Amino acid sequence: MTGFAASINADAELTNASAGETVATLIDDGGFGDEIGTYLVSTTNDSNAFEALLAKEANVGMSARRITVDEARALRADGAGSMVSPNQEHIIAVDSMVVVTHASNPVDQLNKDQLAGIFSGEITNWSEVGGPDRPINVISHEQDSASYDYFMTYLYDEERPAFHPQGISSDDQVLSNVMFHDRNAIGYLGYAFQRGAKPLTLVNECGIATTGCIFRQDRGIHAEPPDVPLQPFGQHECINAAVPRFCRIQSG
């Protein structure tokens, strides 16, 4: 909200209302003018954005994935309009997804079959993919996150393995910290969160190697009619999939 406020020459006064919730009061003229409004911003998971819109608990929902057919139909039937129209669906950012290991890991690249083997539990030692004789600690995201859904769909489509990873991360920040401390770990996270971790080069079925790089793109926001005027809250450096986050904004 501070970035959005700055873009309209306003100041944002932020208060943490509770865990995962922030109250933002925007004041015009760089903080010296009139109060524009007060907004509640809640961070949970992607599905909650559309559930909150349907329950009329939110005016704007931000999601790391596109709305599903069933979600769009339910909102249309409830009188919320077409959530896939240009007036109600706004792309404002796309975040990357990179596969990372500890910085000291000598493994530089994996092909898709090797990666699928690791995240299914079939490959359990780094020596099986050209690394040292050490166990592989798989760190994944929570199953209701967009990152988990995207990554698992990429590897397995709908035939997902019944594998329990060594660790489950609540967000990219936590996963990044694990990568920094655990020399045997492997995981996937947003490009901006790789920090001291080592990004791996991925080789697809055609033998084409892909290394993480930077580009800028927009991400999706959905709003109930009447459409709330929106401007980009910011841009993420990215290559592929979106961050597992969204925000709900309510008028105070």
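Let's start with a word you'll need throughout: a residue is buried if its relative accessible area is under 20%, exposed if it is over 50%, and partly exposed in between, using a 1.4 Å probe and protein chains only. Phe 151, for instance, has a relative accessible area of 3%, so it counts as buried.

Before going further, know that this is a predicted model, where local features need pLDDT of at least 70, side-chain atom pairs count only at pLDDT 80 or more, and totals for chains, interfaces and linings use all residues. Residues are numbered from 1 along each chain as its sequence is written, and side-chain values use heavy atoms, with hydrogens and water left out. Helices (H or I, at least four residues) and strands (E, at least two) are DSSP runs, numbered from the N terminus.

Now find strand E8, residues 137-141. Five of its five residues are buried, so E8 is largely enclosed by the rest of the structure. In a regular strand the side chains alternate between the two faces of the sheet. You can see that here: Asn 137, Ile 139 and His 141 point one way, while Val 138 and Ser 140 point the other way.

What does E8 pair with? Two strands pair if DSSP finds at least two bridges between them. E8 pairs in the parallel sense with strand E10 (residues 185-189) over two bridges, and Val 138 has Ile 186 as its bridge partner there. E8 also pairs in the parallel sense with strand E9 (residues 167-169), over three bridges; in E9, Ser 140 is partnered by Ile 168.

Next, bring in helix H5, residues 146-156. Together, E8, H5 and E9 make a right-handed β-α-β unit. Right-handed means that, with the strands pointing away from the viewer, the path from the first strand over the helix to the second runs clockwise.

There is another sheet to look at. Three strands form an open sheet in the order E7-E12-E13, with mixed pairing. Strands E7 (109-111) and E13 (209-210) stand at the edges with a single partner strand each, so one side of each has no neighbour in the sheet. E7 and strand E12 (residues 201-203) pair in the parallel sense over three bridges, and Gln 109 has Thr 201 as its bridge partner in E12. Helix H4 (residues 112-120) packs on this sheet, touching E7 and E12, and its direction makes about 90 degrees with that of E7. (Axes are lines fitted to C-alpha atoms, for helices over the stretch in contact, that is, heavy atoms within 4.5 Å; angles run from 0 to 180 degrees between N-to-C directions.)

Rings of Phe, Tyr and Trp (its six-membered ring) pair if their centres lie within 6.5 Å; planes under 30 degrees apart count as stacked, over 60 as edge-to-face and the rest as tilted. The structure holds three aromatic pairs. One of them is Phe 119 with Phe 151, edge-to-face at 4.8 Å centre to centre and 65 degrees between the planes. Together, Phe 119, Phe 151 and Tyr 188 form one aromatic cluster.
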